[in-house]
Number of protein chains: 2
Amino acid sequence: MPERDFIARHLVPLATAPAARGLADDAAVWAPPLGRDLVFTHDVLACGIHYLAGDPPSDIAWKLLAVNLSDLAAMGATPAGVLLGLGMSAAEDAAWRETFTRGLGRALAAFDVALWGGDTVSGLDRAVLGLTAIGHVAPGGALSRRGACIGDAIWVSGTIGDAGIGLTMARGTIPAAKPLLDRFRRPMPRLALGQALVGVATACMDVSDGLLIDADRLGRASRARLDIDVAAVPVADGPWTTGLDDRLARVTAGDDYELLFTTPADADVPALAARARTPVTRIGTVVAGAGVRALCDGRDVTPDRLGWEHG
Amino acid sequence: MPERDFIARHLVPLATAPAARGLADDAAVWAPPLGRDLVFTHDVLACGIHYLAGDPPSDIAWKLLAVNLSDLAAMGATPAGVLLGLGMSAAEDAAWRETFTRGLGRALAAFDVALWGGDTVSGLDRAVLGLTAIGHVAPGGALSRRGACIGDAIWVSGTIGDAGIGLTMARGTIPAAKPLLDRFRRPMPRLALGQALVGVATACMDVSDGLLIDADRLGRASRARLDIDVAAVPVADGPWTTGLDDRLARVTAGDDYELLFTTPADADVPALAARARTPVTRIGTVVAGAGVRALCDGRDVTPDRLGWEHG
């Protein structure tokens with residue numbers, strides 16, 4: 001199918017927002033909400049690197065949107081629109097494209113986000129899928145990684161390491177369990193929590209490469225150290241996590257897309273999280289130093305490999 | 001070089017705008033100019049499809065920025081910032097990356113545009129380079145392809161078909177002449193002209209796939225026909241264009257990145273274009289019908305192939 005037909009048949013029906021202009025012009029036009037800061041992110045998913053060639057196309061579409069919205073969540077932003085950059089190979093045939101765009105439509109609807117525009121390229125050797133997400137936040141309210149203070153409490157949303165188990169399942173190494181497979185394939189960006197943290201969290205980021213490596217980055221950005229009690233880190237129910245080695249595997253696995261954040265020790269985070277309908281757990285304290293330290297019963301158990309290093 | 005080092009060494013120094021936050025957070029944050037509409041575009045250049053593997057990396061960076069800014073120009077917008085999605089293979093080695101990012105820095109400076117953020121991926125089979133450009137325009141002022149009216153004058157900026165000759169030179173088929181090679185490798189988005197056309201042009205788009213095919217699209221979007229006098233279309237000086245066949249080759253070649261626009265017949269376009277320091281030429285008239293017709297001495301010479309069809 002020529003790109004023009006693919007766009008007309010599968011993408012134009014998703015581009016219902018006025019900003020998209022029916023994908024008929026050279027660019028999208030959007031009147032931003034008055035008095036808000038705008039937040040922009042762009043993440044790329046490549047076949048064979050960020051997802052497996054056999055993953056369901058609708059799940060790939062979900063993940064492409066979700067990982068970008070997770071970046072907006074980490075800034076406390078409310079998403080508004082996205083632009084796509086779809087690079088595809090012969091493997092992304094008509095059936096793949098149809099399932100992908102149908103899944104994308106469902107994902108956009110689930111998060112109330114509009115498709116504004118983008119570009120498609122065929123004839124690549126493998127799929128390389130880019131997405132730009134645009135959101136907004138109260139002026140000056142955007143969260144950052146830099147504000148953690150000594151004495152602050154360290155919190156994390158949801159459970160950690162599930163997607164790492166899900167990836168092992170997707171590879172067929174261990175028997176599949178759908179909830180954990182879904183944590184790998186269909187992450188849930190913590191948008192409500194991120195928005196609730198504006199004005200409360202001193203620092204925030206999303207956990208994408210592993211809790212410890214991301215905590216290390218937040219600690220370095222804040223010129224402080226995050227002391228994390230690995231026994232306090234919430235993990236999935238089940239037989240997956242029995243001893244310390246399992247726990248260290250959980251906190252160094254990627255693709256969680258939970259929020260890691262710090263607050264003053266006396267902030268009523270449980271109440272705020274309940275309003276955002278998001279489970280949160282306190283996992284440590286910010287101390288003097290730099291980076292991260294993993295503790296178990298007060299003992300330093302920091303592993304050499306903290307998580308997923310790019311490149 | 002790990003991606004982290006590439007980003008720290010080559011991209012962070014380019015991300016000097018406050019919105020970029022030193023590339024240290026999950027997303028960029030920008031306070032948009034009050035009372036302006038925002039304009040968004042995202043175009044992808046793939047190695048071997050949109051440029052040749054041997055093209056100078058600094059020219060590839062220029063083209064990646066320029067083709068996106070050309071979309072903003074077509075909407076009458078002023079560019080503000082960009083996000084990158086750099087997918088690279090082993091062929092994009094340390095030397096390539098350094099030359100690319102140095103060229104990108106020069107291109108950003110030339111157009112006064114800020115690098116706000118993005119993503120990098122290594123380990124692909126070929127480079128796939130995406131860029132999102134964000135600009136702004138007076139509220140309600142964005143140009144579109146839809147407003148051409150019967151009786152309007154049709155105009156084009158610059159000269160047409162140069163990049164097509166440049167591509168033939170880049171492939172080594174004919175001896176190279178730098179001005180035409182540059183038209184292929186280092187297009188100049190017509191930003192000043194686009195901005196000057198706000199409130200004047202009834203329809204506008206950039207010419208990227210060939211003058212005739214793009215005129216056909218503008219005509220269909222406006223539910224009118226663009227009658228273009230191919231003898232009036234401005235072409236490069238030199239031995240390239242002697243007869244009608246040459247002219248038809250020029251008006252069906254891609255990568256011009258000139259603006260094609262329509263105005264009321266009595267608009268003083270030459271004065272406006274002079275203020276924007278951009279040469280423009282009247283090439284025809286909007287009539288009843290749909291699409292495009294190429295005329296020569298009043299005779300219909302419309303070729304079967306109007307330009308570059310994607311996919």
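Guide: A polar contact here is a pair of N or O atoms within 3.5 Å; within protein, one must be able to donate a hydrogen and the other to accept it, and residues adjacent in sequence count only if both atoms are side-chain atoms. This is a predicted model: local features need pLDDT of at least 70, side-chain atom pairs count only at pLDDT 80 or more, and totals for chains, interfaces and linings use all residues. Side-chain values use heavy atoms, without hydrogens and water, residues are numbered from 1 along each chain as its sequence is written, and chains are lettered from A.

Visitor: How many residue pairs are in polar contact across the interface of chain B and chain A?

Guide: The rule finds 25, with both residues at pLDDT 80 or more.

Visitor: And how many salt bridges there?

Guide: Six, where a salt bridge is a side-chain nitrogen of Lys or Arg within 4 Å of a carboxyl oxygen of Asp or Glu. One of them joins A:Asp125 to B:Arg126, with the closest N and O atoms 2.8 Å apart.

Visitor: What area is buried between the chains?

Guide: About 4,600 Å², 56% of it from carbon and sulfur atoms; that is accessible area (1.4 Å probe) lost on putting the two parts together, summed over both. In chain B, the residues losing the most area to chain A are B:Asp26, B:Phe40 and B:His42, together 16% of what that side buries.

Visitor: Switching to strands, what does β1 of chain A pair with?

Guide: Strand β1 (residues 28-30) of chain A pairs with β2(B) in the antiparallel sense over three bridges. Strands are DSSP runs (E, at least two residues), numbered from the N terminus, and pairing takes at least two DSSP bridges.

Visitor: Which residue stands opposite A:Trp30?

Guide: B:Leu38, in β2(B).

How values were computed
Helix = DSSP H or I, 4+ residues; strand = E, 2+ residues; numbered from the N terminus.
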